[in-house]
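The sequence and structure come first, and the description follows.

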Amino acid sequence: MLKQKLSRSWNSSPGLSKADYLNTILSLGFYAGILKVLEARGISKYDCEKGIALEEIKQFFASEENSIYELFELGTHVSILGKEIRNLCYGGKEKSILNQATEEWNKVYNFIDEGEPSFFEDRNFLAHAGFERNVTEVRKKEGKLYLRYDKNLEKKFLDCLKKHV
């Protein structure tokens, strides 16, 4: 794997092929492009204490006419994320997170499945557009819903992303 070759030793050449160098440069260019798009849209560093407003997620990612996903030809992600937002926040009327959330951060599992926690699953994290119930926290402040990831489980979802994305 390229990452292993690069991090093996800083004292000697990693012995990369021309294709390895080219793939690295192209990947860095792609990531730089993503950063440029995010900065142009005013999306900056994530504040874990505040979380991110659900409205911002909808505006920048789940809106068909304005989604960042469309710029990268990932249009199917718009409908997947939209469905997950509806299921998460509006499913079951009285039991919806919008009606139950308080100003305290609570894990999503507290609002579904009789509040029973389970363990983090890569498959569920990816299948539910990042809204995995054991890692995602929610609160309602000034009438707005905010989401964030549990800081204590950051390694789990970052490992998931590194492994599958």
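## Salt bridges and exposure

Lys155 is exposed, with a relative accessibility of 60%. Exposed here means over 50% relative accessible area, buried under 20%, and partly exposed in between (1.4 Å probe, protein chains only). The model is predicted: local features need pLDDT of at least 70, side-chain atom pairs count only at pLDDT 80 or more, and totals for chains, interfaces and linings use all residues. Residues are numbered from 1 along each chain as its sequence is written, and side-chain values use heavy atoms, with hydrogens and water left out.

A salt bridge is a side-chain nitrogen of Lys or Arg within 4 Å of a carboxyl oxygen of Asp or Glu. By this rule there are 5 salt bridges, including those in the table.

| Pair | N to O distance |
|---|---|
| Lys151 and Glu49 | 2.7 Å |
| Asp159 and Lys155 | 2.9 Å |
| Glu55 and Lys58 | 3.4 Å |

Helices (H or I, at least four residues) and strands (E, at least two) are DSSP runs, numbered from the N terminus. Lys151 is partly exposed at 46%, and Glu49 is partly exposed at 47%.

Asp159 and Lys155 are 4 residues apart in helix 8, about one helical turn. Asp159 is partly exposed at 33%. Glu55 and Lys58 both lie in helix 3 (residues 54-62), 3 residues apart. Glu55 is partly exposed at 48%, and Lys58 is partly exposed at 21%.
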